[in-house]
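Trainee: Please take me through one part of this model in detail. I would like the charged pairs, and then the helix beside them.

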Amino acid sequence: MSERSGGRGSPYRGLGGYQEGDPDRCHGRDAELTGCRERLGGAGALLVVGRSGQGKSSLVCAGLVPRLRSDGGRVVVVRPGPEPLATIERPPTTLSSVPFI
């Protein structure tokens, strides 16, 4: 392990996605993160879609969520699962003032 990796090994996780505890490994996506924050704005919801393996979860979990929380925000991440339209139609109503990603 090199000193650059902070003793955590390679920053590349292969097919494993980055999680909220990995913001120090989320690099090179500043423009995308800025765009997400601008789109989220006052809308209260942000839908991130794309093909499998493009880094959607990593962008949200290791990039966007930690930044929003560091600004004092409360965030709910919803994964649509096997019935995406049904899940999206039923957002967490008890958290109406929380950004829904």
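Mentor: Glu-32 counts as partly exposed, because its relative accessibility is 38%. This is a predicted model. The salt-bridge partner of Glu-32 is Arg-29, with the closest N and O atoms 2.7 Å apart. Arg-29 has 19% relative accessibility, so Arg-29 counts as buried. The cut-off for buried is under 20%.

The count of salt bridges comes to two. The other pair is Arg-37 with Asp-71, where the closest N and O atoms are 2.0 Å apart. Arg-37 sits in helix α1, and Asp-71 sits in the loop between α2 and α3 (84-89), so this pair ties together parts 34 residues apart in sequence. Arg-37 is partly exposed, because its relative accessibility is 31%. Asp-71 is at 52%, so Asp-71 counts as exposed. Side chains of opposite charge can pair when their charged atoms come close.

Now helix α2. It covers residues 56-70, which is 15 residues. At 1.5 Å a residue the helix should span 21 Å, and its end C-alpha atoms are 20 Å apart, so the two values agree. Even so, α2 bends by about 35° at Leu-64. A proline, Pro-66, follows within four residues. Both Leu-64 and Pro-66 are among the buried residues of α2. Others in that set include Ser-58, Cys-61, Gly-63 and Leu-68. The buried residues of α2 pack against α1 (30-40). Just after α2, Gly-72 takes a positive phi of about 90°.

Terms used: Residues numbered from 1 in each chain as written. Predicted model: local features only at pLDDT ≥ 70, side-chain atom pairs only at ≥ 80, totals over all residues. Heavy atoms only, no water. Helix = DSSP H or I, 4+ residues; strand = E, 2+ residues; numbered from the N terminus. Expected span 1.5 Å × (residues − 1). Bend = angle between axes of the 7 residues up to and from the residue. Buried < 20%, exposed > 50% of the residue type's maximum accessible area, 1.4 Å probe, protein only. Contact = heavy atoms within 4.5 Å. Salt bridge = Lys/Arg side-chain N within 4 Å of Asp/Glu carboxyl O.
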